[in-house]
Amino acid sequence: MTILHRTWRQRAAAASLTLLMLLVGCTSQPERVPNPRDPLEPFNRVVFRFNRDFDHSLVQPVARAYQRLTPEPVNRGITNFFNNLADVGSAVNNVLQFKMARAGSDVGRIFINSTVGFLGFVDVATNVGLPSYKEDFGQTLGYWGVEPGAYLVLPLLGPSTMRESIGMGADLFLDPVFWIRDDWVRWTSADLKVIDQRADLLKTTRLLETIAWDPYPFVRDVYLQRRQNLVYDGHPPADAEQPDLWKDVQF
């Protein structure tokens, strides 16, 4: 716990220093035209680079080792387990959006997967026709008209916006792992969740590095359009200035 807190303090200090450097750097590029959705781009690019270096040097090797050493059925079961826990927050957010049918589906998923599905390790609910929605508090804020605000890349956490950053804090309290009393169990569970999710995205990372010579704007635009689609349940208002990157994608 002490080491973890010290690490986060170091990250915060580094982010503050980076912001100061970027403010100075921006004055030397008067010809630069900022993206209206990304006024913090200089800062975001430095954090994005830091996250990539951290990911390449530590997180990816751990995720690859985890994927290589964990049998596929076990890997899938762990993913299902954490997805089952995520349905708790999804149910609450669906209620906050008055989407009662979806909330009922989430509650049904939790009950079925936690019992017949052996604590969620087997996703029985999907097989019986209960879809997974995975609503979060950022979507709830968007549903009630809160604008996303500026695009923001968070240290270690990655792409976000001002609105989604607030949503992350609320979602933390809806995560059952957060309420585990034993510190070792809580942090071990959180670490396992991160590693499992990162392992599931290894193929996506390789694809991104192949098709994008500058991954920063690609990740930003895809993230913002995906969040827009999630807030509007797949039917966002048309924006003539922004091409729809998702129109040919089947989820």
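**Exercise 1. Find how many cavities of 30 Å³ or more the structure holds, then describe the lining of the largest cavity.**

*Solution.* Start with the count: this predicted model holds 1 cavity of 30 Å³ or more. Next comes volume, which is about 30 Å³ for the largest cavity. Now list the residues around the largest cavity: Phe82, Leu85, Ala86, Asp175, Val177 and Lys193 line it. Sort them by type, and you get 4 nonpolar, no polar and 2 charged residues. Finally, look for the element that gives the largest share of this lining: helix α3 (residues 72–96) supplies 3 residues.

**Exercise 2. Work out how strands β1 and β2 are joined.**

*Solution.* Locate the strands: β1 covers residues 151–154 and β2 covers residues 158–161. They run antiparallel, with 4 bridges between them. Then move to the turn of the hairpin, where 3 residues lie between the strands. Here Leu156 takes a positive phi near 70°.

**Exercise 3. Trace the largest nonpolar core and see which elements build it.**

*Solution.* Begin with the members: the core has 11 residues, among them Phe43, Val47, Tyr151, Leu154, Tyr216 and Leu224. Two or more residues come from each of α2 (41–69), β1 and α10 (215–231). Zoom in on one member, Leu154: leaving aside residues up to four places away in sequence, Leu154 touches Val47, Asn51, Ser160, Ser165 and Met168. Last, look elsewhere: a second, separate core of 8 residues includes Ala63, Ile78, Phe82 and Leu202.

Conventions
Residues are numbered from 1 along each chain as its sequence is written. This is a predicted model: local features need pLDDT of at least 70, side-chain atom pairs count only at pLDDT 80 or more; totals for chains, interfaces and linings use all residues. Side-chain values use heavy atoms; hydrogens and water are left out. Two strands pair if DSSP finds at least two bridges between them. On a 1 Å grid over the protein atoms alone, a cavity is a set of points where a 1.4 Å probe fits but cannot get out, and a pocket is an open set with protein on both sides within 12 Å along at least five of seven lines; lining residues have an atom within 4 Å of a point. Grid points are joined across faces, edges and corners, and a volume is the space filled by probe spheres set on the points. Ala, Val, Leu, Ile, Met, Phe, Trp, Tyr, Cys and Pro count as nonpolar, Asp, Glu, Lys and Arg as charged, and the others, Gly among them, as polar. A nonpolar core is a set of buried Ala, Val, Leu, Ile, Met, Phe, Trp, Tyr and Cys residues joined through side-chain atoms within 4.5 Å. Buried means under 20% relative accessible area, exposed over 50%, partly exposed in between (1.4 Å probe, protein chains only). Contact means heavy atoms within 4.5 Å.
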